[in-house]
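Subject: Structure handover

Hi,

Here is the structure we talked about handing over. Please open it alongside this email, and read the notes below with it on screen.

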Amino acid sequence: MQLVVARIGRAHGIKGEVTVEVRTDEPELRLGPGAVLLTDPASAGPLTIETGRVHSGRLLLRFAGVADRNAAEALRNTLLIAEVDPGELPEGEDEYYDHQLIDLDVVTRDGVEVGRITEISHLPSQDLFIVERADGTEVLIPFVEEIVTEIDLEEQRAVIDPPPGLIDGRAEIASTRDASEEEA
């Protein structure tokens with residue numbers, strides 16, 4: 001099975017290094033020296049990681065055969081794809097690969113069906129479940145502990161406790177009264 005593990009950003013310096021937007025929780029495993037990665041577009045690869053380092057909070061990689069800034073810049077926006085055994089599981093107890101979550105049924109704690117996870121969007125601050133409802137509309141659900149209370153892979157479902165307005169579009173607005181109104 002193939003997993004997108006990073007996206008190549010702009011060139012860094014003149015010796016062929018590139019910045020990388022990491023899309024894996026296991027960069028030390030997937031993006032280490034010697035790793036051979038497939039690419040999208042396929043014509044850019046496969047790429048073998050020669051070196052990697054962190055600079056100012058960003059991961060920089062250099063690939064075999066990419067020796068200058070022009071060659072590095074040509075790789076910009078290329079997706080890096082790792083070949084992963086489908087039976088392999090993440091190291092952490094509450095960690096999941098995207099393929100484990102896609103197609104899970106989403107239900108509220110009360111058992112109300114919300115829809116089915118069709119995609120996972122990886123944003124810098126958090127991941128989002130893109131959930132397709134029975135009527136074909138989509139709802140975005142932040143994949144955070146406060147909202148997604150349980151992932152049950154055996155039952156193929158994700159249980160959520162959504163705040164008001166997240167899935168029904170009707171937000172509750174807390175009324176605020178000043179002290180003079182309460183005294184009257």
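Glu-21 is partly exposed, at 28% relative accessibility. Buried means under 20% relative accessible area, exposed means over 50%, and partly exposed lies in between (1.4 Å probe, protein chains only). This is a predicted model, in which local features need pLDDT of at least 70 and side-chain atom pairs count only at pLDDT 80 or more, while totals for chains, interfaces and linings use all residues. Residues are numbered from 1 along each chain as its sequence is written, and side-chain values use heavy atoms, with hydrogens and water left out.

Salt bridges

Which residue does Glu-21 meet in a salt bridge? The partner is Arg-7, at 3.0 Å from N to O. A salt bridge here is a side-chain nitrogen of Lys or Arg within 4 Å of a carboxyl oxygen of Asp or Glu. By that rule there are six salt bridges. Strands (E, at least two residues) and helices (H or I, at least four) are DSSP runs, numbered from the N terminus. Arg-7 is partly exposed, with a relative accessible area of 22%.

Next, Glu-17 and Arg-53. Their side chains form a salt bridge too, at 2.9 Å from N to O. Glu-17 is in strand β2 and Arg-53 in strand β4 (residues 47-55), so the pair ties together parts 36 residues apart in sequence. Is Glu-17 buried or exposed? Glu-17 counts as buried, at 8% relative accessibility. Arg-53 is partly exposed, at 38%.

Arg-76 and Glu-73 make another salt bridge, with their closest N and O atoms 3.0 Å apart. Arg-76 is partly exposed, with a relative accessible area of 41%. Glu-73 is partly exposed as well, at 29%. Shared partners also join salt bridges into one network of Glu-17, Arg-53 and Arg-62.

The sheet

Six strands form an open sheet with mixed pairing, in the order β10-β9-β8-β7-β12-β11. Two strands pair if DSSP finds at least two bridges between them. The edge strands, β10 (138-142) and β11 (148-152), each pair on one side only. From one strand to the next, the twist averages 35°. Axes are lines fitted to C-alpha atoms, for helices over the stretch in contact, and angles run from 0 to 180 degrees between N-to-C directions.

Within the sheet, strand β7 (residues 105-108) pairs with strand β12 (residues 157-160) in the parallel sense, over four bridges. Thr-108 has Ile-160 in β12 as its bridge partner.

Best wishes
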